[in-house]
Amino acid sequence: MSHELTGPDGGRRGLLRFATAGSVDDGKSTLIGRLLFDSKTIFEDQLEAVERSSVDRGLESVNLALLTDGLKAEREQGITIDVAYRYFSTPRRKFIIADTPGHEQYTRNMVTGASTADLTILLVDARRGIVEQTRRHAFIASLLRIPHVVVAVNKMDLVGYASEVFEGIRRDFEAFAGKLALGSLTFIPISALNGDNIVERSGSMPWYEGATLLDHLEAVEVGQSSPDVPARLPVQWVIRPQSDLWHDYRGFAGQVAAGVFTEGQRVAVLPSGLESTIAAIDAHETSLERAGEGQSVAVRLADEIDVSRGDMIVASEGRPRVTSEFEAMVCWLHDKPLQPGGRYALRHTTRDARAIVRELKHRVDVHTLAEVDAPQLAMNDIGRIRLKTTVPLFVDTYAENRTTGAFILIDEATNATVGAGMVLPPEPPGADFEI
């Protein structure tokens with residue numbers, strides 16, 4: 001593969017965002033600590049601090065999990081209670097890691113950490129196999145449309161590096177995953193504590209012929225929007241410099257959410273629907289002929305059109321759905337339950353609205369994936385709802401676009417984010433549930 005840090009359209013081809021997930025004590029923080037340590041991407045003072053902390057706790061060896069447990073409360077308790085982000089790079093790629101907690105009450109943190117991930121590492125304790133949180137996190141990975149999933153069967157040293165244990169867990173997970181819409185699925189047997197198959201191949205598991213975890217992370221392809229995907233640019237702000245030199249300049253700035261914009265392309269502005277042609281694309285005081293997903297740019301139009309923050313510039317062909325009522329899957333993140341009739345502030349890309357929950361259609365049982373009638377959604381529940389907004393939104397389904405298909409719900413009284421939603425296509429009468 002190519003190892004340049006940006007693709008031809010300026011995307012993040014050389015950057016991989018990945019999250020860890022799994023149950024309590026499956027070894028997520030230890031895995032990341034081992035990955036950082038063995039790839040020689042930590043500073044000496046960081047290692048010295050971890051060594052001192054390990055000694056203070058009476059440990060016989062260095063606890064690499066402390067490299068990611070950055071909060072004092074987490075270090076003292078020996079657990080991860082929040083999403084810990086780490087950044088590192090190798091000669092082949094840059095990485096952003098989200099280490100998410102395994103406790104069920106922090107499932108919302110897993111949703112937060114994995115929402116922008118290209119890949120998730122789902123850890124399974126080789127001694128316990130597939131457990132409730134494994135299924136829950138696999139379901140969330142499916143719901144969030146994470147393109148790549150790695151099932152890392154950890155603590156293989158505690159089961160004698162037995163291939164039959166690994167193969168049994170693989171079969172069990174594949175049986176459950178058959179009900180989900182997961183992306184590419186890779187299984188790797190590891191020991192995070194001993195470093196087996198993390199950076200270096202394990203001599204204790206000669207029966208495993210696949211890649212090490214780091215080799216896989218460096219090689220996995222991060223998809224970019226093709227020119228065939230309808231282009232989307234949520235407008236974040238309007239640039240009108242107050243100077244004589246730039247008195248005619250009017251650019252509409254934001255981050256390309258999908259597709260590719262090109263100079264001379266025919267576009268439409270929503271919600272007005274008025275069309276124009278792209279006169280220029282500006283970025284960092286230079287002009288571009290094209291801009292792709294992930295690039296922050298300012299677009300200039302050939303015609304005088306009223307454009308404001310919260311509007312969206314889109315390809316004339318293949319426009320998003322403009323609607324003020326739609327259905328969505330929502331992960332509920334707050335201890336105050338969601339109930340039909342609830343009113344919230346809603347943020348979708350750069351557009352704000354107020355919303356009311358018209359209907360709670362069902363809750364999903366994450367163990368069986370069955371639809372369950374429910375009067376409300378409690379914290380960490382996932383369900384299908386129908387929303388009505390005060391202003392129209394410009395939405396794609398989440399399966400089509402993870403940016404324009406996503407939104408958050410906010411409690412207007414406290415300003416707390418209470419729900420993370422994913423736009424669904426309208427449900428045909430009598431249709432079976434699909435993730």
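**Figure 1. Phenylalanine 407 is a buried residue of an aromatic pair.** Phenylalanine 407 has a relative accessible area of 4% and is therefore buried, where buried means under 20% relative accessible area, exposed means over 50%, and partly exposed covers what lies in between (1.4 Å probe, protein chains only). Phenylalanine 326 is buried as well, at 3%. Please keep in mind that this is a predicted model: local features need pLDDT of at least 70 and side-chain atom pairs count only at pLDDT 80 or more, while totals for chains, interfaces and linings use all residues. Residues are numbered from 1 along each chain as its sequence is written, and side-chain values use heavy atoms, with hydrogens and water left out.

Figure 2. A pair of aromatic rings is described by the distance of the centres and the angle of the planes. Rings of Phe, Tyr and Trp (its six-membered ring) pair if their centres lie within 6.5 Å; planes under 30 degrees apart count as stacked, over 60 as edge-to-face, and the rest as tilted. The count by this rule is 7 aromatic pairs. One of them is edge-to-face and joins phenylalanine 173 to phenylalanine 187, with 5.9 Å from centre to centre and 80 degrees between the planes. Because phenylalanine 173 sits in helix H6 (residues 163-177) and phenylalanine 187 in strand S6 (residues 184-189), the pair ties together parts that are 14 residues apart in sequence. Helices (H or I, at least four residues) and strands (E, at least two) are DSSP runs, numbered from the N terminus. Both partners are buried, phenylalanine 173 at 2% relative accessible area and phenylalanine 187 at 7%. In the other pair, the ring centres of phenylalanine 326 and phenylalanine 407 are 5.6 Å apart and the planes meet at 80 degrees, so this pair is edge-to-face too. It links distant parts of the chain, since 81 residues separate phenylalanine 326 in strand S17 (residues 321-332) from phenylalanine 407 in strand S22 (residues 406-410).

**Figure 3. Here are an aromatic cluster and a charge over a ring.** Phe18, Phe88 and Phe95 form one aromatic cluster. Elsewhere, arginine 135 lies over the face of phenylalanine 176, at 6.0 Å from the ring centre. A charge sits over a ring if NZ of Lys or CZ of Arg is within 6 Å of the ring centre and within 35 degrees of the ring normal.

Figure 4. Most residues other than glycine have a negative phi, and most peptide bonds are trans. The peptide bond from leucine 270 to proline 271 is cis, with omega near 15 degrees, and proline 271 lies in the loop between strand S11 (266-270) and strand S12 (274-283). Lysine 155, which is not a glycine, has a positive phi of about 65 degrees. You will find lysine 155 in the loop between strand S5 (148-154) and H6, buried at 17% relative accessibility. Asparagine 380 has a positive phi too, near 80 degrees. The loop of asparagine 380 runs between strand S20 (371-372) and strand S21 (382-395), and asparagine 380 counts as buried at 9%.

**Figure 5. Aspartate 125 is a buried residue of strand S4.** Aspartate 125 belongs to S4 (residues 119-125) and has a relative accessible area of 2%. Its C-alpha lies 6.1 Å from that of valine 153, 28 residues apart in sequence. Beyond residues up to four places away in sequence, aspartate 125 touches Asp25, Asp26, Asn154, Lys155 and Ile169, where contact means heavy atoms within 4.5 Å. The side chains of aspartate 125 and arginine 127 make a polar contact at 2.9 Å. A polar contact is a pair of N or O atoms within 3.5 Å; within protein, one must be able to donate a hydrogen and the other to accept it, and residues adjacent in sequence count only if both atoms are side-chain atoms.

**Figure 6. Isoleucine 188 is a buried residue of strand S6.** Isoleucine 188 has a relative accessible area of 1%. Valine 151 is 37 residues away from isoleucine 188 in sequence, yet their C-alpha atoms are 6.4 Å apart. Leaving aside neighbours within four places in sequence, the contacts of isoleucine 188 include Val150, Val153, Phe166, Tyr208 and His216.

**Figure 7. Strand S16 pairs with S7 and with S11.** S7 (residues 232-234) and S16 (residues 312-315) run antiparallel and are joined by 3 bridges; two strands pair if DSSP finds at least two bridges between them. In S16, methionine 312 stands opposite proline 234. S11 and S16 also run antiparallel, joined by 4 bridges, and alanine 268 stands opposite valine 314 of S16.
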